[in-house]
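I opened the model to look up a few things and kept short notes. The entries follow in the order in which I took them.

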Amino acid sequence: MSMKNTIHFVVLFAVMQMALVWALYIAPPDALQGHVQRIFYFHLGSIWPGFLAFFYVLYGSIRYLISRDLIWDRKSLVSGEIGLVFCSIVLTTGPVWAKPTWGVYWAWDARLTSTLVLWLVFFAYVNLREYIDDDSKRPRISAVLGIVGALMVPFVYMSTRIFETQHPKPVVMGDAESGIRHPDMNIALYLSLFAFTLLYIYLWRQGVKQMLTEDRLKKLRAQLLRLEGH
Amino acid sequence: MTLSIRFHELSKQFGETIALWRVSEAIEPGDRISILGHNGAGKSTLLHMLATLSKPSSGELTFSLAGETCDDVKKLRDHLSFLSHEPMLYPDLTALENLRFINRLYQRNLSEDALRELLDKVGMSDFGDRLFRTCSRGMQQRLSLARALLPQPKLLFLDEPFSGLDRGGVERMKALFADDQMSWVLVTHHLRLGYELANRFWILHRGRLLHSLQKRDLTYEAYIKLCEGSSMEASA
Amino acid sequence: MSGQVLSVFSAVLRKDLRRELRSREIFISSFLFSVILLMVIFYASKTSGVQLEAMSSGALWLCILFSGTIGLNRTHQSEMVNGCYRALILAPVEGGWLYLAKVCSNALLLIVMELLLLPLLVLFYHTDIGKNSGALLAALVLGTLAFTAVGTLVVVITANTRMKDVLFPVVQLPLVVPTLIAGVNATEAALQGKTADNWLQFLVAVNVVFLAAGFLLYDFLLEE
Amino acid sequence: METSQITNNHLMFLVAAYSLVWIMISGYVFVLSRRNKKLEKQVEDFERRLAKHGVSSDS
């Protein structure tokens, strides 16, 4: 592990611990929801890097199609994978919070629906390449899907929002930000945002490095097999 | 306008398999090249790359139009044509409708008469209004030839063009390939025709270009020997 | 230049329509499928006691979505028969115009099918389709165009995979959720005699973004 | 007593949510480590093949 990585890891670890302490201990419980509200710090903390990852997929895919440099394909693929992980966290912690607060696990409100659609779209992006046999096609086809998927994200959000303004809100609706008033709550939220962003960057760098090593090994292996006359 | 292609150290890799390894050659106007090699030698891979269907993994592939290097694939495709065992024609359209479609796709503005003449050239003048679906395999291949010749390409790529053709069809195809205006690159298992028609030979083996020979340097007997692979194995 | 582009565009459009008129395979299959779907939707939601009229815009859009998906898949498959798609790849034309022509022909076929479904809606669901037919037509045309703009791209994307028939709907349907929401709401409003401007604007925006994206991206799919 | 029961119940949800976060992230780390193992295996394979050709892996 390089120096930079070690520092990154140490900082990540420290910030993560701080975020946990603030979220679970220092921040006061919510007046209405009690301790369950503490789920929110990590719930919100993971949606942000999730978004970041998906925008990176759009950016990286465009860069790939322009330059045809495989490194951009790897970078956006790893981003998509991590984005999918964070999206899954949001999707699973959400219902766990909703059950005690709203009384139901799932409501078809804007945020939930759009996150679910987002998850489906990027699940397709990450897994599509498994079904493409030709190596030379794989990055190109996935890049096009990545761009189409990422472009759809704003529309998913818009459509679910307009939908809500036209219909009465469900009684059990609770807005995320409205509950946060205490300064310690803010600190907890920002700490967890920071921690998850660091985690995203850390995982992403490891993933990209691994993919590039894999590519190099593949190339070498092909040449070695050639030398041995297979 | 002349079209030539040079390639240097051209490689194509599919994952861990290497289909083509550091192949260098050139195609000049007037070349009639027959590519020989066993199954899996990389013939089709090379043909596809030259026809701009796929891109090389590494190496240089340079196309020149009228002596100048040209990177615009669309412009190049205007002068290339591809004929394979797949007819590339729509089964639910008639022969003439198919040709009209290609005519407009390539912006050739050929008249109806010219299209009929083309059908006549491949011996299909009576079948212009017949649905492509109902044509026999050999007829389909003749129509496919008409399709490939319609844009009057400078360079024609042929991947097993003789499959399904009867004697008459082969004779017609031979006559059309003798056209001096057009160069071509041929991949076929029809050994005799491959020798008769070509003036150059490339011999591929396991993704490598083993020999590049002119016809005057190669007797038919030596050619057959090469094709049967005895010398291929030896020099590999 | 523009004349050439137009000639390619109309050539592809005419070819697609003629082929469909001759074989009618997509049309018949998706229309019959839609009829069956209308029946199934009724019996599937009957127990919850929904009003028939209130269901009709949702039912109509389900028909568009599913039979449209089947139809897009079918058109692309018939393009792959005989390696015809390779001929398109090798032609010296801008991929963007091929894409627009394909979107047009696909959308046209789908819209014709929808127009035939409307009387069935009146028959089965007692819907009054005459209240605001202009808005209804706008909702259907814009929605169908948005659906095919995405679908025409996605069908080529999934055609490159091993399990194309399974993957196409799986990849396509999440991507058309916004179109579905907008389409259903705009249609609903039109059936009640109103015009849902915000939803129509939304559909226009989807169309602009994805037609532009498809125009630029289609060339990258035209390679082997 | 009733309120504390509710809070207890709710604490369960809190624990559940944080375990889910933990499980998802370790899941991805597990995927990464499995890939790493595959890479290591390949490197080993390389060393073996190279050794056969008389090349030591140290050089």
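**Entry 1: chain A.** I began with the secondary structure of chain A, which has six helices and zero strands. Helices here are DSSP runs of H or I with at least four residues, strands are runs of E with at least two, and both are numbered from the N terminus. From the N terminus on, I read the order as α-α-α-α-α-α. The model is predicted, so I noted its terms: local features need pLDDT of at least 70, side-chain atom pairs count only at pLDDT 80 or more, and totals for chains, interfaces and linings use all residues. Residues are numbered from 1 along each chain as its sequence is written, chains are lettered from A and ligands numbered from 1 in the order written, and side-chain values use heavy atoms, without hydrogens and water.

I then looked up burial. Of the 230 residues in chain A, 56% are buried. Buried means under 20% relative accessible area, exposed over 50%, and partly exposed in between, with a 1.4 Å probe and protein chains only. For contacts (heavy atoms within 4.5 Å), I took those in chain A with a separation of 6 or more; residues 24 or more positions apart account for 77% of them.

**Entry 2: A:L191.** I picked one residue in helix α6 of chain A, A:L191. Is A:L191 buried or exposed? A:L191 counts as buried because its relative accessibility is 12%. Not counting residues up to four places away in sequence, A:L191 touches A:V15, A:M18, A:A19 and A:W22. I also checked A:Q37, which is 154 residues from A:L191 along the chain; their C-alpha atoms are separated by 16 Å.

**Entry 3: chain A against chain D.** Next I looked up the contact between these two chains. Chain A puts in 38 residues and chain D 26 residues. The area buried between them is about 2900 Å², and carbon and sulfur atoms give 75% of that. Buried area is the accessible area (1.4 Å probe) that two parts lose on being put together, summed over both.

How many salt bridges are there between chain A and chain D? I found three. The rule asks for a side-chain nitrogen of Lys or Arg within 4 Å of a carboxyl oxygen of Asp or Glu. One of them pairs the side chains of A:R221 and D:D45, at 2.7 Å from N to O. Five residue pairs between chain A and chain D are in polar contact, both residues at pLDDT 80 or more. A polar contact is a pair of N or O atoms within 3.5 Å; within protein, one must be able to donate a hydrogen and the other to accept it, and residues adjacent in sequence count only if both atoms are side-chain atoms.

On the chain A side, the elements giving two or more residues are α1 (3-26), α2 (39-67), α3 (70-102) and α6 (183-227). α6(A) gives the most, with 14 residues.

**Entry 4: D:D45 within its own chain.** I followed D:D45 back into chain D. D:D45 also forms a salt bridge with D:R49, with the closest N and O atoms 3.0 Å apart. The two are about one helical turn apart, because they sit four residues apart in helix α1 (residues 2-52) of chain D. D:D45 is buried, with a relative accessible area of 11%. D:R49 counts as buried too, at 16%.

**Entry 5: salt bridges elsewhere.** In chain C, C:K102 and C:E79 form one, with the closest N and O atoms 2.8 Å apart. This pair links distant parts of the chain: C:K102 is in helix α5 (residues 95-125), C:E79 is in helix α3 (residues 52-80), and 23 residues separate them. C:K102 is buried at 10%, and C:E79 counts as buried at 1%.

**Entry 6: C:N207.** C:N207 counts as buried because its relative accessibility is 6%. A polar atom of the C:N207 side chain lies 3.2 Å from the backbone oxygen of C:L142. Leaving aside neighbours within four places in sequence, C:N207 is in contact with C:L142, C:L145, C:A146 and C:A212.
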